Amino acid sequence: MRQAVHRLAVVTPGRGMVDVTPDIRRWTAACEIETGLLTIFCRHTSASLLIQENADPDVLRDLESFFRRIAPEDGHYRHADEGADDMPAHIRAALTQSQLSIPVQRGDLTLGVWQAIYLYEHRAASHRRELALHLIGE
Amino acid sequence: MRQAVHRLAVVTPGRGMVDVTPDIRRWTAACEIETGLLTIFCRHTSASLLIQENADPDVLRDLESFFRRIAPEDGHYRHADEGADDMPAHIRAALTQSQLSIPVQRGDLTLGVWQAIYLYEHRAASHRRELALHLIGE
Amino acid sequence: MRQAVHRLAVVTPGRGMVDVTPDIRRWTAACEIETGLLTIFCRHTSASLLIQENADPDVLRDLESFFRRIAPEDGHYRHADEGADDMPAHIRAALTQSQLSIPVQRGDLTLGVWQAIYLYEHRAASHRRELALHLIGE
């Protein structure tokens with residue numbers, strides 16, 4: 001049994017979902033662990049993780065509209081110093097995931113056919129985000 | 001230290017929560033791992049996982065009403081080709097869990113007395129769903 | 001490779017977020033595991049876990065207002081026997097996390113600079129809550 005750790009840096013283009021599945025798959029394969037558990041941890045409070053459909057891009061657009069409606073920028077927040085997009089970003093992060101763990105079999109993630117792992121940037125501007133990856137297995 | 005993996009197939013009767021605790025407990029016990037970590041991963045984007053109260057079924061009904069209100073079928077979604085229930089299903093999945101990890105002690109899950117693990121089917125029709133299980137420990 | 005388990009008891013002062021980061025960090029350090037994976041599991045259905053900003057307390061206040069708005073106490077719930085705050089508590093728990101796993105490096109959690117781990121009490125009254133901790137690594 002052994003472990004591997006990695007920091008995956010992702011520069012986001014501003015609000016929206018970045019498909020990080022290929023990067024995570026590539027790192028997992030390079031670890032040469034046949035069976036194990038992969039954990040992805042997002043080291044931020046205004047960006048988060050989400051597993052969603054990788055087929056129709058309208059799904060991601062509708063999700064973005066949903067979060068815009070439920071946590072609007074003009075929400076009369078106390079926390080407003082960092083910009084109108086910052087408090088909605090914290091709410092979106094609270095409602096989605098900071099962390100995901102996915103079983104590994106035959107050296108690959110056991111994702112379903114239509115599943116992709118997205119880093120969801122909640123701030124309006126581009127940011128450099130860091131994901132801590134951990135893999136344990138043999 | 002060793003690992004065990006399993007695929008648990010669940011046929012859902014359509015929208016609603018299926019208690020998968022007994023199946024997962026049975027498999028965990030059969031693995032004969034005294035101390036460890038159990039991970040459940042839902043391989044779908046219109047079904048998800050939820051830990052909720054196992055006592056009063058009205059809790060599950062009120063939760064269902066909540067999600068119906070927050071992500072209604074008549075939500076003017078772009079993604080509409082797969083039926084009016086599909087985009088709400090993706091939103092519900094985004095707001096709940098794709099994955100749960102639960103510590104194991106004395107060969108059993110460390111669930112609280114009132115906790116059950118539910119597979120939450122978000123589509124109106126019956127589906128065959130697959131959960132990837134992973135257990136590591138000794 | 002080895003494991004450690006612990007039960008962390010937290011007495012909450014009623015609705016709101018309790019920063020459990022120092023307690024969890026202290027226990028992790030005492031385990032003397034250099035590289036590994038820490039899992040926190042909340043054994044309740046009306047309290048949950050949340051990673052959020054530890055800097056501006058207004059973020060936590062705005063989050064509390066958000067959840068109050070989205071799951072109000074006067075929500076005409078069927079499940080009402082345990083008090084007007086109980087069903088909103090179940091909804092809040094469903095929308096946040098029952099469990100978090102965080103990679104460990106150099107004997108410490110790989111949290112980002114602004115991240116804290118909160119136990120989010122959703123009931124109005126004070127409760128004694130229990131977190132099951134699990135650490136695996138070497």
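1. Among contacts in chain A between residues at least 6 apart in sequence, 82% join residues at least 24 apart, where two residues are in contact if their C-beta atoms, placed from the backbone, lie within 7 Å. This is a predicted model, in which local features need pLDDT of at least 70 and side-chain atom pairs count only at pLDDT 80 or more, while totals for chains, interfaces and linings use all residues. Residues are numbered from 1 along each chain as its sequence is written, and chains are lettered from A, and ligands numbered from 1, in the order in which they are written.

2. Chain A holds 3 helices and 8 strands, and from the N terminus on these elements run β-β-α-β-β-α-α-β-β-β-β. Helices (H or I, at least four residues) and strands (E, at least two) are DSSP runs, numbered from the N terminus.

3. The radius of gyration of chain A, taken over C-alpha atoms, is 16 Å, close to the 14 Å that the globule rule gives for 138 residues, so chain A is as compact as a globular protein of that length; the rule is 2.2 Å times the number of residues to the power 0.38. The C-alpha trace of chain A spans about 50 × 30 × 20 Å along its principal axes.

4. Of the 138 residues of chain A, 51% count as buried, a word that applies if 20 or more other C-beta atoms lie within 10 Å of a residue's own, with C-beta atoms placed from the backbone.

5. Where chains A and B meet, the contact takes 28 residues from chain A and 23 residues from chain B. On the side of chain A that touches chain B, two or more residues come from each of strand S4 (47-53), helix H2 (57-70), strand S5 (99-105) and strand S8 (128-137), and H2(A) gives the most, with 6 residues. By class, this side of chain A has 14 nonpolar, 9 polar and 5 charged residues, where Ala, Val, Leu, Ile, Met, Phe, Trp, Tyr, Cys and Pro count as nonpolar, Asp, Glu, Lys and Arg as charged, and the others, Gly among them, as polar.

6. A rotation of 120° with 0.0 Å of shift along its axis superposes chain A on chain B, with an RMSD of 0.0 Å, by least squares on the C-alpha atoms of residues with pLDDT of at least 70 in both. The two copies are therefore related as by a three-fold rotation axis. In chain A, the C-alpha nearest the axis belongs to A:Leu95, 3.3 Å from it.

How values were computed: Buried ≥ 20, exposed ≤ 12 C-beta atoms within 10 Å, placed from the backbone.
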